[in-house]
Amino acid sequence: MNFNKINNRKNTNSIKWDGHEKMNVPQDCLPMWVADMDFQTVPQVIEALTSLAQRGIYGYEFESNEYFQSVIGWMQRRHQWNIKKEWISTTPGVVSAIHACLMAFTQPGDAVMIQKPVYHPFSNSINRLNRKLINNALVEKDGHYGIDFENFENLIMQNHVKMFILCSPHNPVGRVWTEEELTRMADLCIRHQVLIVSDEIHMDFVFKPHRHHVLAGLKDHYQEHVITLTASSKTFNLAGLKLSNTIISNPALKRKYDAVYDDLSVHAGHTFGLVATQAAYDHGDRYVDEMVEYLHDNLQMTDAFFKEHCPKIKIIQPQGLYLIWVDFRGLGLKQRDLKEFLLKKAKLWLNDGVVFGKEGEGFQRINIAAPKTTIEKALNQLLSALKEENLC
Ligand SMILES: Cc1ncc(COP(=O)(O)O)c(C=O)c1O
């Protein structure tokens, strides 16, 4: 794959590239925000979709046995996780699946715990469904984020927490949780009868020597208590096809979960999503290996750039993901002024850190899943603006 290739995404109804007016962002801002990539997907996916498009009939369909085998194969090969066909529910996206979990397993007023700064739709769903949001904020020390386990357990006990939504790897801070951290969280949840919803959508983006551990696969009894949310969408740039896989081995939980989608008449997955996911999981191993290396190079290039030209801006060294969490606090700007500076002077459209919780004040999330020349352009725009404003 040639990840250096510039793909013109303008005028494709891309939220990232064409969403400026809708999101009230100046037209000339370079988009490095929402989590999709500027790379083309695996060639075999394009072939499979083309062949499906040529069929000309797009009626109701169910998941084929081959589809399930592809998902099972990927989890086994890439994550050493053995799952069964009966455990898989196809769903129209991970955010939708989180919402469905909240609807299936909690009631209004029930406490649901998350760890901010974290992917903001977690909070949105909890709040919209009138559940009580409990935040065990991550602890940042010397550029590294960790978990306050004592607070984790206290909050569970004090609030009778019913559900914990884990983000693993963690968006936006880039942590790939260790086996020890994961087992500590899971053991505490199980001890206090807290159901775990583990959003592992970024599972395929991990930089060596770190390793992603599927939580449900760590100990035999975990899978009874964990609902795992996965998707091919981030890994292969298929978000527009709206398909994810929810994996639940506990039949009682699975029945309750599936009932939510049955009620909404959202049964089997989207045909194009199924075909694309199957092809991606069957043929995408090399693509992912090469892409993760490319992303790591982008990360190193960005880090070296800040260190050389503006050491006041610091990257929280990510262990995975293609989203980097950047600490701009050294510039001494108020959050509003930082945002203004980035949009109006540097002409960059990033994700403002506070979107992920007040813990994100002074931070920005930058999407580096783009060709090197795009990243260089962004960094040079930033540097010129910093110099113009005497900020570095
Ligand atoms: C942690 C996390 N979960 C879920 C999603 C979105 O998933 P979907 O598009 O399948 O709803 C994202 C997208 O950035 C994400 O970062």
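Student: Where is His160 found?
Tutor: His160 sits in the loop between α6 (149–159) and β7. Helices here are DSSP runs of H or I with at least four residues, strands are runs of E with at least two, and both are numbered from the N terminus. Its phi is near 50°, a positive value in a residue other than glycine.

Student: How far can I trust that, and how does the numbering go?
Tutor: This is a predicted model, where local features need pLDDT of at least 70, side-chain atom pairs count only at pLDDT 80 or more, and totals for chains, interfaces and linings use all residues. Residues are numbered from 1 along each chain as its sequence is written.

Student: What do β3, α5 and β4 make?
Tutor: A right-handed β-α-β unit, with helix α5 covering residues 121–128. Right-handed means that, with the strands pointing away from the viewer, the path from the first strand over the helix to the second runs clockwise. Strands β3 (residues 111–114) and β4 (residues 132–135) run parallel and are joined by four bridges; two strands pair if DSSP finds at least two bridges between them. Ala111 stands opposite Lys132 in β4.

Student: What's the strand order in the seven-stranded sheet?
Tutor: β2-β10-β9-β8-β7-β3-β4, an open sheet with mixed pairing. Its edge strands, β2 (88–91) and β4, each pair on one side only. The twist averages 20° from one strand to the next, with axes fitted as lines to C-alpha atoms (for helices over the stretch in contact) and angles running from 0 to 180 degrees between N-to-C directions.

Student: Which helix packs on that sheet?
Tutor: Helix α4 (residues 94–105) does, touching β2, β3, β7 (163–167), β8 (195–199), β9 and β10. Its direction makes about 175° with that of β8. Contact means that C-beta atoms, placed from the backbone, lie within 7 Å.

Student: And what's around the ligand?
Tutor: There are 14 residues around the ligand, and Ala35, Gly93, Val94, Val95 and Tyr119 come nearest. The cut-off is a C-beta atom, placed from the backbone, within 6 Å. α4 gives the largest share of that shell, three residues.

Student: How is the chain divided into domains?
Tutor: Into domain 1 (15–41 + 286–386) and domain 2 (44–284), with bounds from an automatic or database domain assignment. Their centres, taken over C-alpha atoms, are separated by 25 Å. The contact takes 28 residues from domain 1 and 32 residues from domain 2. On the domain 1 side, α11 (285–309), β11 (314–316) and β12 (323–327) are the elements that give two or more residues, and α11 gives the most, with five.

Student: What does α11 lie across?
Tutor: It lies across β11 and β12, running at about 145° to β11. There is an open four-stranded sheet in the order β11-β12-β15-β14, with antiparallel pairing.

Student: Why is one side of β11 and of β14 left without a neighbour?
Tutor: β11 and β14 (351–352) stand at the edges with a single partner strand each, so one side of each has no neighbour in the sheet. β14 pairs with β15 (residues 363–367) over two bridges, and Asn351 stands opposite Arg365 in β15.

Note on methods
Contact = placed C-beta atoms within 7 Å.
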